[in-house]
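This report describes selected features of one structure. Please look at the sequence and the model first.

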Amino acid sequence: NDNQSENNQFDSTEQIDKKCTGEQCSMNGIHFLQCICNTHPIDRMDIKTIINNCHFLDGVDFLTMDNKQKRFALYYSYSVDIYLITGKRNRCKLPNCLKLAIRGRYPKMSWETYTDDDDNLPV
């Protein structure tokens, strides 16, 4: 349900933004004065453009993407375009506030699990 997803995004973003002042988002040499969810909100990210720029999503059609693929596209875009993490086997841990906002907008199915070590996040 899209309305439910939008409500989850608002609730989780609102919850985290009260705690996140940008310090938690400042990592990998990138510094934020406020939360990344405010400076680069996920609802302004164009997943169709991300698909075109991400070789991991070659052949994926936006209209048939599931939420897991949309989360991946956003995680990829923030890692590469914002935190500038590129190259084989280079990874970065994204801030919890950002993961919560993405998960709130594109929640997992009841039978799915998140694949990182933060499965205990509230969304």
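Asn-28 counts as partly exposed because its relative accessibility is 44%; partly exposed lies between buried (under 20% relative accessible area) and exposed (over 50%), with a 1.4 Å probe and protein chains only. Asn-28 sits in the loop between α1 (2-17) and α2 (36-39). Although Asn-28 is not a glycine, its phi is positive, at about 55 degrees.

The model is predicted, so local features need pLDDT of at least 70 and side-chain atom pairs count only at pLDDT 80 or more, while totals for chains, interfaces and linings use all residues. Residues are numbered from 1 along each chain as its sequence is written, and side-chain values use heavy atoms, leaving out hydrogens and water.

Leu-84, found in the loop between α4 and α5, is also a non-glycine residue with a positive phi. Helices here are DSSP runs (H or I, at least four residues), numbered from the N terminus.

| Residue | Phi | Relative accessible area |
|---|---|---|
| Asn-28 | about 55 degrees | 44% |
| Leu-84 | about 60 degrees | 57% |

Helix α5 (residues 96-105) is mostly covered, with 8 of its 10 residues buried. Among them are Cys-97, Leu-98, Lys-99 and Arg-103.

The whole structure holds 1 salt bridge, a term for a side-chain nitrogen of Lys or Arg within 4 Å of a carboxyl oxygen of Asp or Glu. Glu-112 pairs with Arg-71, their closest N and O atoms being 3.9 Å apart. Glu-112 lies in the segment after α5 and Arg-71 in helix α4 (residues 67-82), 41 residues apart. Both Glu-112 and Arg-71 are buried.

Methods:
Helix = DSSP H or I, 4+ residues; strand = E, 2+ residues; numbered from the N terminus.
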